[in-house]
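Thanks for coming, everyone. I'll walk through one model, chain by chain. Please have a look at it first.

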Amino acid sequence: MFNQIKRPLFIMLFFSLWANNSHSAINVFACEPEWASLVQILGGKRVSVFSATTALQDPHHIQARPSLIAKARRADLLVCTGAELEAGWLPLLLRKSGNGKILTGQPGHFMSADHVTLLEKPKLLDRSFGDVHADGNPHIHLDPHRIMLIAEALTKTLSLIDPDNQNDYQNNWSSFKNTWSRAITNWEQQSQSLRGKKIVVNHNSWVYLEDWLKLERVATLEPKPGIAPSSAHLTQVLAELKQNQADMLLYATYQNDKAVRWLAEKTHIPVVALPFSVSSDESLFQWYEKILSQLLDIKQ
Amino acid sequence: MRKKFLAAATIAAISNINPVWAISDIEALRKQVEALKKDYEQRINALENRLKQSEEKSQLAQQKVEQVAEKVEKTKTTSRTGQRNFNPEISLILDGRYADFNNDPDAYKLPGFTLGNEAGLGEAGFSIGHTELAISANADDKFYGKATLAIHDHEGETETDLEEAYIQTLGLGHGLTLKAGRFYSAIGYLNEQHEHLWDFADAPLIYRGLFGDQLRDDGLQVTYVAPTDTFMQVGTELFRGDRFPGGGNHDGVGAWTVFANIGGDIGIEHSWQLGLNHWRENDVDDRTSDGHSHGGAATETASFSGDSKISSLDLVYKWAPNGNPTSRNFKLQFEYFDRREDGSITMLNSGPPEEVSTYDGQQDGWYAQAIYQFKPHWRTGIRYDRLSSNNNGSDEDVLAEAGLDDEGHTPERYSAMLEWLPSEYSRIRLQYNRDDSYEDADNQIFLQYTLSLGSHGAHQF
């Protein structure tokens, strides 16, 4: 019997000896590009950041691909949104990667939503209301004030994981805090004219932006969260919009634009296709600037 | 010191040489310096003002942030995690179908293969499939546990089957994970997936022929993920080996497997995984397959004893535009299995004397399938199955009796399906098979629903 099991064990041993790594920088696995950008700003040269999704992917629905398991295996820190946004793939990565550092409860398991309040917490959990998140709406990265709170918490986490470089993290945080505060003031001044504007959205992914810029959502194209717009529902929305004209149609570039285009054609309401997250060649700052300028462009 | 002295000496020397020039020059220089000083003072003042302003601004912003922070602090709820809130996660799968066959489903056979376990076509007409109740949770920070109960009808009786019941380590570190209990073996791509996750209503023919649809057993699994950019995983399983396609009563390790998977992405849109697997049981004792009776006599059942080994290769490729599978995606899947067996076949309840033959079996088969989600909520797919066998023994008649003679036929099957998925949690499927498993070709149609209630776990790649 022992001979039978010796061979597989030997093969395993061989593989475990052959693969050995040593890294100086903290390996960060970010679930979404906005957190990748934030960690990069706060961690500077002390971190090596990987983003599991791009701005063109729906973070609810990517697959637990082998490449992601490989990345999670080597991560020292996991930075995600939480609030069930990644429930369709992250738990599997955590179970499959065999990496203790990034498990729930460990310092390396950072969920942004744990550090801020969430809007739209459902009173009743029933799937006939669509794909609802029990904790509330998870798309918190569209509120710069919440980003600030998350950045502060993330700095503490970085210092905890890598105490040798905590001075660097503190310095990065201080300078981020200053620049970001100033940026917020600027953005809020620039966007005065957007207050009270009526918007129609594809998916209710913009709650925090609405809350921040005081936009008024008058209609949602998805009849229920995560359920694609039906023609019956669209007709209803169209009728409502004829009564109560909106200022713009908002959708994220990763989403299907068919319903939005159809409605735009019928109503002549301008369409704004906003990137839902930071793209690979820009920073969190640039992304916010881009979103605001796109919204302001429509206004004029 | 020396430098200062040198500089002073030089200045003295220069002024000594041109005293008149020096005086007017100094006057001009002084004026220039005065002007510069004034200019800079103005600039510095301006800068100071601006700095002050921006400091005030940032203070303002800071105040706002603090206000938000205060607000947040006041309304802060209890801490959340990234996982589902339900603890434990409970899910119930409802599955039912309407099936139509040209041939009698009870006459189904796969020449060259003995059918065991749950292999077969199921019933014609309305029937419910596996109703699965799964409960899982992280027990603590060290272990995850899962149990799946399957409730299904078998020959007119409702049976409850403990499909899976296992524990798994969490974050053991170094890429190691241990699993113990009853679970689906990691060999093969489809084997680990529950039936309701399959893209067709029935198992590939090779899974039906070798495993009686799926291989699961009681035992221990160890996997190791290498710390490399390309996904590399190796693993081994030690099994009791009593279950089909093993057999007997083992008090140690009856069967074992080794497997290796590599995988990765090509750009942002393509991903792939390749697997190599091996299963072995050296002491299969009395593995019985489905019996068939001869006009009311006791059922004659083929029983195999000997050693058995299965090797397999699987390849999966997936595509999604921009790596975003929500509206459109494509999947290509291929698996090949080869089984070699050496031992004897006994026909139970035959004779006396019992019919016995030596057995040298060689069976292989593959399937390939392509699934395309062409728009949100709609998927379509095709599949092709093909098997072959070359089984020999001392008594060809006994092998033929056992169903191990290929009857000069190559089993194959063509399938096509169309699915409508109103949401992530429900699916209606229409499937057509042209089934050439045995010499009488069969046309099969399935209309199937699958619903998932409660917690909806993450899907494997």
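Start with two helices in chain A. The axes of helix 8 (residues 231-243) of chain A and helix 9 (residues 258-267) of chain A come within 11 Å and cross at roughly 35°. An axis here is a line fitted to C-alpha atoms, for helices over the stretch in contact, with angles from 0 to 180 degrees between N-to-C directions. Helices are DSSP runs of H or I, at least four residues, and strands are runs of E, at least two, numbered from the N terminus.

A word on the source. This is a predicted model, where local features need pLDDT of at least 70, side-chain atom pairs count only at pLDDT 80 or more, and totals for chains, interfaces and linings use all residues. Residues are numbered from 1 along each chain as its sequence is written, while chains are lettered from A and ligands numbered from 1 in the order in which they are written.

Back to the helix pair. Which residues meet? From helix 8 of chain A come A:Leu234, A:Val237, A:Leu238 and A:Leu241; from helix 9 of chain A come A:Ala259, A:Trp262, A:Leu263, A:Lys266 and A:Thr267. Contact means C-beta atoms, placed from the backbone, within 7 Å. The residues of this contact divide into seven nonpolar, one polar and one charged. Nonpolar covers Ala, Val, Leu, Ile, Met, Phe, Trp, Tyr, Cys and Pro; charged covers Asp, Glu, Lys and Arg; the others, Gly among them, are polar.

Now the domains. Chain A is divided into domain 1 (25-186) and domain 2 (193-299), with bounds from an automatic or database domain assignment. Their centres, taken over C-alpha atoms, are separated by 25 Å. In chain A, 25 residues of domain 1 are in contact with 24 residues of domain 2. On the domain 1 side of chain A, helix 2 (33-43) and helix 5 (144-161) each supply at least two residues. Helix 2 of chain A gives the most to that side, with five.

On to chain B. There are four helices and 17 strands in chain B. Strand 1 (residues 89-101) of chain B runs antiparallel to strand 17 (residues 442-454) of chain B, joined by eleven bridges. Strands pair if DSSP finds at least two bridges between them. B:Leu92 stands opposite B:Leu453 in strand 17 of chain B.

Strand 17 of chain B also pairs with strand 16 (residues 426-436) of chain B, antiparallel, over ten bridges. There, B:Arg434 stands opposite B:Asn443. A hairpin of five residues joins strand 16 of chain B to strand 17 of chain B.

Conventions:
Two residues are in contact if their C-beta atoms, placed from the backbone, lie within 7 Å.
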